[in-house]
Amino acid sequence: MILHELISYDVLRVIWWLLLGILLVGFAVTDGFDLGAMALLRATAKDDVERRVVINSVGPVWEGNQVWLILGGGAIFAAWPQLYAVSFSGFYLAMFAILVALILRPVAFKFRSKREGAGWRNAWDWVLCVSGIVPALIFGVAVGNVLLGVPFRLEPDLRIYYEGTFFGLLTPFALLCGLVSLSMLVMHGAAWLVFKTEGHVAARAARWGSLAAVLTTALFALAGVWIAMGIQGYEITSTVNPTGPSNPLFKTAGVAEGAWMGNFKAAPWLWLLPVLGLLLPLIAALGMRARREWLTLLSSGFAIACIILTVGAAMFPMILPSSLDPRFSLTVWDSSSSHITLFIMLVCALIFMPIILAYTTWVYRVLRGKIDPMAIIEGRTHSY
């Protein structure tokens, strides 16, 4: 037997679909509190020392957190090459805006305290604030457009043509999804600040985080009602061949009212995901008010995971539907890499993912504890 045939092609496709979801959740939960804390920088910290407290709460870990984004992009490139080609070309300007924000963030970390002037530091504080808001908003807008369908088509030789524009991405529903993303990451950033800081910074973070948590529940509920009642979903209308060749043109697909709710009707237990996505932000809000730090942080993180997994559960097996012609839509069954490629990548993932998790756990353990303002003032232990 050939080694890669130990796991069937259809099982490998599902495994990599699940791994992609795990990587996206890992990025949102870890780097999400970085983005949320920076978005709240000027609201939670009113003087230079307080702002340095906020910055130092994420400064030692943000680089490691971004590993999840790199892993996610690499997984898409290697496991779902057609998805990579469409999304990274179609969303090019949006991705460019995200990259600019993510590049400016470390520059601001490094340069902010190089000079004492208030104007210099305020300018970099605004850069940090914007670098937290922009990616959080755009990621949500991208998810909204995926649910609506992306305007791309495939030629018979599988060449991809994207026919949309940047401003065409800014539809009302997509912007609503952007606000869901922004509010949930602000909630998570506030939960992190409550966990890592004390005094006025933690108190302000709790107030802003409670508001963001309630908004997350309200906006997520509104998006869910909109999907159920006002947006057409996509579904495969031909026979599915889970082990077939990776050619989207070998199937037929269509749009239908309520199609995104089909998986929830077929497997009612999936309703647990959106229900938890609605309840956990409220628990996080209560935790912030009661200063239950672990409860707050865990509730916030699991809320993000449930919201993201709700989208994945609704869309399966669709990965990227085409609004020009549903037949061009990319699915789990027809847009993956080859059998042997997925197997080799899985072996690599089983080797390196535990190493990454172990290293990440060790870093957070070493850096546990509250940020000490006196240590910042005296120039001890903290980097920024």
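**Figure 1. Contacts of Arg51 in the predicted model**. Leaving aside residues up to four places away in sequence, Arg51 touches Leu41, Arg42, Ala45, Lys46, Arg112, Asn122 and Asp125. Among these partners are the charged residues Arg42, Lys46, Arg112 and Asp125.

**Figure 2. The setting of Arg51 in helix H3**. Arg51 lies in helix H3, which runs over residues 48-58, and its relative accessibility is 9%, so that, with buried meaning under 20%, Arg51 counts as buried. Between the C-alpha atoms of Arg51 and Ala136, which stand 85 residues apart along the chain, the separation is 20 Å.

**Figure 3. The fold around this site**. The secondary structure of the protein consists of 15 helices and six strands. Because its radius of gyration, 22 Å, is close to the 21 Å that the globule rule gives for 384 residues, the protein is as compact as a globular protein of that length. Taken along the principal axes, the box filled by the C-alpha atoms is roughly 65 × 45 × 40 Å. Among the contacts with a separation of 6 or more, 80% are accounted for by residues 24 or more positions apart.

**Figure 4. Burial, surface and charge in the protein**. Of the 384 residues, 51% are buried, while the protein exposes about 17600 Å², of which carbon and sulfur atoms supply 72%.

Methods
Residues are numbered from 1 along each chain as its sequence is written. This is a predicted model: local features need pLDDT of at least 70, side-chain atom pairs count only at pLDDT 80 or more; totals for chains, interfaces and linings use all residues. Side-chain values use heavy atoms; hydrogens and water are left out. Helices (H or I, at least four residues) and strands (E, at least two) are DSSP runs, numbered from the N terminus. The radius of gyration is taken over C-alpha atoms; the globule rule is 2.2 Å times the number of residues to the power 0.38. Buried means under 20% relative accessible area, exposed over 50%, partly exposed in between (1.4 Å probe, protein chains only). Contact means heavy atoms within 4.5 Å. Accessible areas come from the Shrake-Rupley method with a 1.4 Å probe; for residues, only the protein chains shown count as cover. The place of a charge is taken as NZ of Lys, CZ of Arg, CG of Asp or CD of Glu.
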